[in-house]
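Student: I have a new structure to look at and would like to learn how to read it. Could you go through some features with me?

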Amino acid sequence: MLRELGSLPCCLSLSQQQPSRSNYLPRRAIALRDIRKPRNRITRPQILPSTFGDSFGFRVFVVSDLHSDYPENLKWVKSLSCKRHKRDILLVAGDVAETCNNFFSTMSLLKERFQHVFFVPGNHDLWCRWEQDYCLDSLEKLNKLLDACRQLGVETKPMAIEGLGIIPLFSWYHESFDREQDITGIRIPSLEMACKDFRACKWPQELSSRDTSLALYFDAMNEENEDEIMVIQKTCCQVITFSHFVPRQELCPEKRMLFYPNLPKVIGSDYLEARIRSIHGTKGNASACHVFGHTHFCWDAMLDGISKPGPPKFSIFQKDCIVCTGTTGIPQGKEEEDERG
């Protein structure tokens, strides 16, 4: 059986030095999940190798919200073993970095360490706040990031690998995703004030997060991959889909538990859920798994037959033995020293 590899704090223990305020909520609303404060950091237990040894198949790791603009997070990426994961797969579920240069360097480091790296964009990836990125709008930046992935050999399209289907799903949130009754009787900042996307992302006039146009635009990008998805459905015995945004509101705490009760309005897409069901089936199956990022909340749920682990944990898949529900972590560079004895 697989040995659990340990857990990681959300956002990979963000540094107290902030190059930019990349959180949705105002400072007074961050206390519940502000893992930048030393007292809230989680230490990683000793990481032990799989009992199968390195000769047993391959493994799949999932990571989201690296935010490598923070030096401490980039340092963590660099600490990953350059040898141990040469046969493994990494799914990167968005929010890699805010600048193109940091995105490119981070994905380069990950591709050097894993045989296959898959990517879907998150909202922070498409922020247009830095002159050095030279992007007219967020769609131009998206194309720039996808071009960088092609250059690096990072996959953004579905692929079958030895009986395992990996399907990246493009998505964006829409406000009508939130169906829970709004909290009343207290002063709540507007979405424009609380969510920096409304200022940092730039869209053509016909696209907006306040209606469904952006969610539909990103969902339509998945239609280009329908042929590859059909092949995976017919030939693969196990399928993992992944996205940055959330497919179901049940995968977010109730509003009464949130410091910013309107958070569900900027986290998910009904079109994403419909897309997932079109792939895994309306009732799901034992081999169906979808992984998402974005919210920084730990989730591990089975909804209508589909396992849905969420951020910020790392899920691990090993051929012939799948563990998509445990809170696991990617082994760090120290493993190389351990392997050498």
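Student: Does Arg210 count as buried, partly exposed or exposed, and at what relative accessibility?

Tutor: Let me first say that this is a predicted model. Buried means under 20% relative accessible area and exposed means over 50%, with partly exposed in between. Arg210 has 37% relative accessibility, so Arg210 counts as partly exposed.

Student: Which side chain does Arg210 meet in a salt bridge?

Tutor: Arg210 meets Glu192, at 2.0 Å from N to O. Glu192 is also partly exposed, at 36% relative accessibility. The two sit in distant parts of the chain, 18 residues apart: Glu192 belongs to helix H4, and Arg210 to the loop between helices H5 and H6.

Student: Which salt bridge joins Lys265 to another side chain?

Tutor: That one is with Asp178, at 2.9 Å from N to O. The pair links the loop between E6 and H8, where Lys265 lies, to the loop between E5 and H4, which holds Asp178; they are 87 residues apart. Lys265 is buried at 11% relative accessible area, and Asp178 is buried at 10%. Together with Asp182 and Lys255, these two are linked in a network of salt bridges.

Student: Now for the rings. How many aromatic pairs are found in the whole structure?

Tutor: The search finds nine. For one of them, look at Tyr173 and Phe245: their ring centres are 5.5 Å apart and their planes meet at 70 degrees, so the pair is edge-to-face. Tyr173 is in the loop between strand E5 and helix H4 and Phe245 in the loop between strand E6 and helix H8, so the contact ties together parts 72 residues apart in sequence. Tyr173 is buried, with a relative accessible area of 1%, and Phe245 is buried too, at 0%.

Student: Which residues make up the cluster linked by ring pairs?

Tutor: The cluster holds Trp172, Tyr173, Trp203, Tyr217, Phe218 and Phe245.

Student: How should I read the two faces of a strand?

Tutor: In a regular strand, side chains alternate between the two faces of the sheet. In E1, Arg59, Phe61 and Val63 lie on one side and Val60 and Val62 on the other, and all are buried. With five of its five residues buried, strand E1 is therefore largely enclosed by the rest of the structure.

Student: Which strand is joined to E1 by bridges?

Tutor: E2, residues 89-92, runs parallel to E1, and four bridges join them. Leu91 in E2 is the bridge partner of Val62. With helix H1, the two strands make a right-handed β-α-β unit.

Definitions and conventions:
Residues are numbered from 1 along each chain as its sequence is written. This is a predicted model: local features need pLDDT of at least 70, side-chain atom pairs count only at pLDDT 80 or more; totals for chains, interfaces and linings use all residues. Side-chain values use heavy atoms; hydrogens and water are left out. Buried means under 20% relative accessible area, exposed over 50%, partly exposed in between (1.4 Å probe, protein chains only). Two strands pair if DSSP finds at least two bridges between them. A crossover is right-handed if, with the strands pointing away from the viewer, the path from the first strand over the helix to the second runs clockwise. Rings of Phe, Tyr and Trp (its six-membered ring) pair if their centres lie within 6.5 Å; planes under 30 degrees apart count as stacked, over 60 as edge-to-face and the rest as tilted. A salt bridge is a side-chain nitrogen of Lys or Arg within 4 Å of a carboxyl oxygen of Asp or Glu.
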